[in-house]
Amino acid sequence: MSEPDRVCDRPNCENAASVHLTQVVDNKMSDEYLCGDCAEAKGIGAVAAEGSPVANLMAQLAEGDAEGQPGAAPEPCAFCGLTFDGFRETGRLGCPLCYTSFGSGMRRLLGRIHGSTRHVGKVYLPPDPHATRADRRLDDLRRRLRRAVDSEDFERAAVLRDRIREIEPAESP
């Protein structure tokens, strides 16, 4: 979670940082290191801190997977060097290659957590570009209708109203 000997980034706080917060806002990433008290004051809990419910759940599930397996724990990840024990302590993997490095143990663990080792959720479908075009057209016509009414150009407003009715889907009673 935090780097050794790192001090909290909040002003007037000299406590050791225990939470590493990474935020992405407007495609700009910022890192902040906070002590436990400052993190709680900001409304952030240590998600996978030792002793937290998430870390305990992950440790219990991982221990359950380790039971009955022949041999020692899997080798560390060849890319990031994370060990399976390190994963059990933090509840977080170091990189995407950890999934393959820890192999069948990860599949069993994910199966126990999610109920499946395969994605069974919804498939992303991009929005219908024709619907978006029609929505933009309706917004433009409505804006022009408001301007026509505001300027008391009622003949133009009537024409715009009729065009909007042609485009809008029929509402059910």
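**Salt bridges, cores and confidence**

Biologist: What is the relative accessible area of Arg143?
Modeller: Arg143 counts as partly exposed, the class between buried (under 20% relative accessible area) and exposed (over 50%), using a 1.4 Å probe and protein chains only. This is a predicted model, where local features need pLDDT of at least 70, side-chain atom pairs count only at pLDDT 80 or more, and totals for chains, interfaces and linings use all residues. Residues are numbered from 1 along each chain as its sequence is written, and side-chain values use heavy atoms, leaving out hydrogens and water. For Arg143, the relative accessible area is 40%.

Biologist: Nice start! Which residue meets Arg143 in a salt bridge at 3.6 Å, N to O?
Modeller: A salt bridge here is a side-chain nitrogen of Lys or Arg within 4 Å of a carboxyl oxygen of Asp or Glu. The partner is partly exposed, at 23%, and Arg137 and Arg144 belong to the network that links the pair. It is Asp140.

Biologist: Why does the salt bridge of Glu32 and Arg10 tie together separate parts, and how many residues apart are they in sequence?
Modeller: Their side chains meet at 3.7 Å, N to O, with Glu32 buried at 17% and Arg10 partly exposed at 30%. Glu32 sits in strand E2 (residues 28-34) and Arg10 in the segment before strand E1 (19-25), so the parts they join are separated in sequence by 22 residues.

Biologist: How many residues make up the largest nonpolar core?
Modeller: Such a core is a set of buried Ala, Val, Leu, Ile, Met, Phe, Trp, Tyr and Cys residues joined through side-chain atoms within 4.5 Å. Members include Phe84, Phe87, Met106 and Leu109, and helices H3 (84-90) and H5 (103-114) each supply at least two residues. Another core, with Cys13 and Leu34 among its 8 residues, lies apart from it. The count for the largest core is 9.

Biologist: Which helix has the lowest mean pLDDT among the elements of the chain?
Modeller: pLDDT is the predictor's confidence in each residue, from 0 to 100, and the chain mean is 75. Residues 46-51 fall below 50, although that stretch has 15 contacts (heavy atoms within 4.5 Å) beyond near neighbours in sequence. Helix H7 (residues 154-167) has the highest mean, 92, while the lowest, 54, belongs to residues 53-66, helix H2.

Methods. Helices (H or I, at least four residues) and strands (E, at least two) are DSSP runs, numbered from the N terminus.
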